[in-house]
Amino acid sequence: MSDIQTLEREILAAISAARDEAALEAVRVAALGKKGAISELLKTLGGMSADERKEKGPTFNSLRDRIADALAARKAALADDALSAKLATERVDVTLPARPEPRGTIHPVSQVLDEMTAIFADLGFAIAEGPDVEYDDYNFTKLNIPPDHPARQMHDTFYVAPQADGSRHVLRTHTSPVQVRTMLSQKPPIRIISPGRTYRVDSDATHSAMFHQFEGLVIDEVTHLGNLKWVLEEFCKAFFEVDQVEIRARPSFFPFTEPSVEWDLRCDRSAPGKIVFGTGNDWLELAGSGMVHPRVLEMCGIDPEKYQGFAFGGGLDRLAMLKYGIPDIRPFFESDLRWLRHYGFAALDIPTLDGGLSR
Ligand code: FA5
């Protein structure tokens, strides 16, 4: 075997023995680097006669090309091996079962909020929203509660520091300012429901400083308390998942409605720890309501000669407590995981009217 063939065999053997890129690079340098064996061979061509160069030149050059090709092929194979090894360590076994227990749950307030919006959307109401930090003007004045009016004392208000222009913001004490925002930005007919956070300086087993309310508003050319009663009855039937309900009206007072009506829902609380809706001799407070006061319509740019409407609102946390038998409002906002696991809902059980609200 010629020296050239021996050299080629040795280099090819070293190439296939290289286990990684660094080892392969060392083989390349030893063969094709400046002082490499093949480079040294090529250098000898310069000292040869023309005939000799003609004979050896192609042999040396093709040797160099074969070694370069073998180096490139081995490099590609090593890169493939490295990628396969990496993929093998990162492989996920998709046949493994998911975590046996879902860890998060849906808070009862979120659940009730979803249930409520599903019901009112089905009745043709749009969802409206307003900010937690509200203009004093929208929370009170445009709702017919001017500054220094005694009705302001009905709400224990959190005031925000005065603005540079002297105007004041409040943490909204009810969702009723969404009525104002809606009337200022939309033309009748209006049909909205607005659930959201509200704030009052208040705390005991059934009152929290931050709580949730819902607000409904309907404005059209002809509306009356009968429509309001029907809407509340339809809501109660769907929400409490019973075929029949009975609600009763009591006269009440809200500065932004005239007349004002408070609604109660008939229920049976005779069995300990249980409430049945639609029968019995007990009554539960459901919502405040009334026909929108003409002055409110006027202040919100709606002609009270042409339009009238009704509004209603109540406590969303209270509805959750009633429906799901939760006795105390305070743990709602204490982030106690044991409470959340007990009263929470499965994350994928999104309430729908046809799929069932609270299953
Ligand atoms: C209002 O806030 C009126 N805006 C409701 C309304 C809307 C009347 C539209 C007419 C037309 P009231 O102050 O009564 O009304 O509050 C309504 C409900 O919010 C209460 O019945 C109660 O369920 C709930 N609520 C009030 N304060 C708290 C509190 N601190 N914690 C939990 N729930 C509360």
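Which pocket is the space taken by the ligand? The space that the ligand takes is the largest pocket, where a pocket is an open set of points on a 1 Å grid over the protein atoms alone, with a 1.4 Å probe fitting at each point and protein on both sides within 12 Å along at least five of seven lines. A molecule sits in a pocket if more than half of its atoms lie within 2 Å of its grid points.

Before going further, note that this is a predicted model, in which local features need pLDDT of at least 70, side-chain atom pairs count only at pLDDT 80 or more, and totals for chains, interfaces and linings use all residues. Residues are numbered from 1 along each chain as its sequence is written, and side-chain values use heavy atoms, with hydrogens and water left out.

Let us look at the ligand. Around the ligand are 24 residues, and H174, S176, R200, S208 and Q213 come nearest; a residue counts as near if one of its heavy atoms lies within 4 Å. A polar side-chain atom of Q213 lies 3.1 Å from a ligand oxygen, and one of E285 lies 3.4 Å from a ligand oxygen. These are polar contacts, pairs of N or O atoms within 3.5 Å.

About 1,200 Å³ of space lies in the largest pocket, a volume being the space filled by probe spheres set on the points. Its lining has 48 residues, with E285, L286, G314, G315 and R318 closest to the centre; lining residues have an atom within 4 Å of a point.

Conventions:
Polar contact = N/O pair within 3.5 Å; in protein donor to acceptor, adjacent residues only side chain to side chain.
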